[in-house]
Amino acid sequence: MTSPTTSPTPSPTPPPASSTTTSLAWQRRRGSVARFWKQYRTHRAGLWGLAGLAVIGLIALAAPLLVGADVQSVTHAPGTALESPSAEFPLGTDQFGRPLLGLLVWGARISLLVGLLAAALSVAIGTLVGILAGHYGGWFATVVMRITDWFLVMPTLVLAIVLATVMSRSMWTVILAIGVTSWPTTARLVRAQTIAVESRPYIERATALGGGHGHVMARHVLPNVMPLVLAQTTLGISTAILTEATLAFLGLGDPAVVSWGGMLQDAREAGAVSSGHWWYLAPPGIAIALVALAFTLCGRAVESVLNPKLGVGR
């Protein structure tokens, strides 16, 4: 009597190598984010700045629900000109009778948007210039860095005023004027970091294995300079917001939108300084200062986490 033959149990099919590599990459990224947040939480000033930005960001996002777009209307203003703070208008009214509290909430959208986009444009230009100059070197780096030095020694605000003057008055003009005049600092920092990264042995191995210039810059240099870029972006947003407020105060902003700098310009034109209407000047000025302080606190905390040798206080 013969025993029945049993077929061998098929072994499980191993997952594709590509999916395994992707899973490991995402796992490392999650671990890096967790370690970053664990160290960031030890910085009390950074947490205060982050909490303040979260509150202001939520208010800006919810502005259409909180005050509505009609708060900008001059013809349908609910109050009279320059009313002092009251129960109906907690921060008073402007020269057209519009409630300043509603304008302050609505202006947060424009000021934050301009600050974020201008800082992003500035850091993008600086990162591109810094990586190219650090990677290629030679005469190309010399020419690029001389141009960078010229932008660096020129007053950023003066260049931004010139660009905002010769171009049409709009929000995008302000973003472009700030972005193309404030990139040199980022370029110099990224170039120095690129040179340090490309001196490591694995860059030589990647080149020896056939990696071209684009591969080395995109796959090896850029990921290693991104922490520096992140910190520089966080610090650059506060500068961009202050620059936007300055341009709007000088009358170079977009007159069709409400921003904190535009509110200060309207207060100046209405004679709020000489007539003592402090409620017209104080709210937008305090809002600009608080947002700039919050971004600065976050930026210093990010710098301290990414580079503990800086010794930034907590």
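Let me begin with a charge over a ring. Arg109 lies over the face of Trp106, at 5.2 Å from the ring centre. A charge sits over a ring if NZ of Lys or CZ of Arg is within 6 Å of the ring centre and within 35 degrees of the ring normal. The ring of Phe249 likewise has the charged end of Arg268 over it, 5.6 Å from its centre.

A word on the basis of these values. This is a predicted model, in which local features need pLDDT of at least 70 and side-chain atom pairs count only at pLDDT 80 or more, while totals for chains, interfaces and linings use all residues. Residues are numbered from 1 along each chain as its sequence is written, and side-chain values use heavy atoms, with hydrogens and water left out.

I turn to ring pairs. The structure holds seven aromatic pairs; rings of Phe, Tyr and Trp (its six-membered ring) pair if their centres lie within 6.5 Å, and planes under 30 degrees apart count as stacked, over 60 as edge-to-face and the rest as tilted. One of them is the stacked pair of Trp37 and Tyr40, with 5.9 Å centre to centre and 15° between the planes. Tyr40 is buried, at a relative accessible area of 3%, whereas Trp37 is partly exposed, at 38%. Here buried means under 20% relative accessible area, exposed over 50%, and partly exposed in between (1.4 Å probe, protein chains only).

Trp278 and Trp279 form an edge-to-face pair, 6.0 Å centre to centre with 85° between the planes. Trp278 is exposed at 55% relative accessibility, but Trp279 is buried at 8%.
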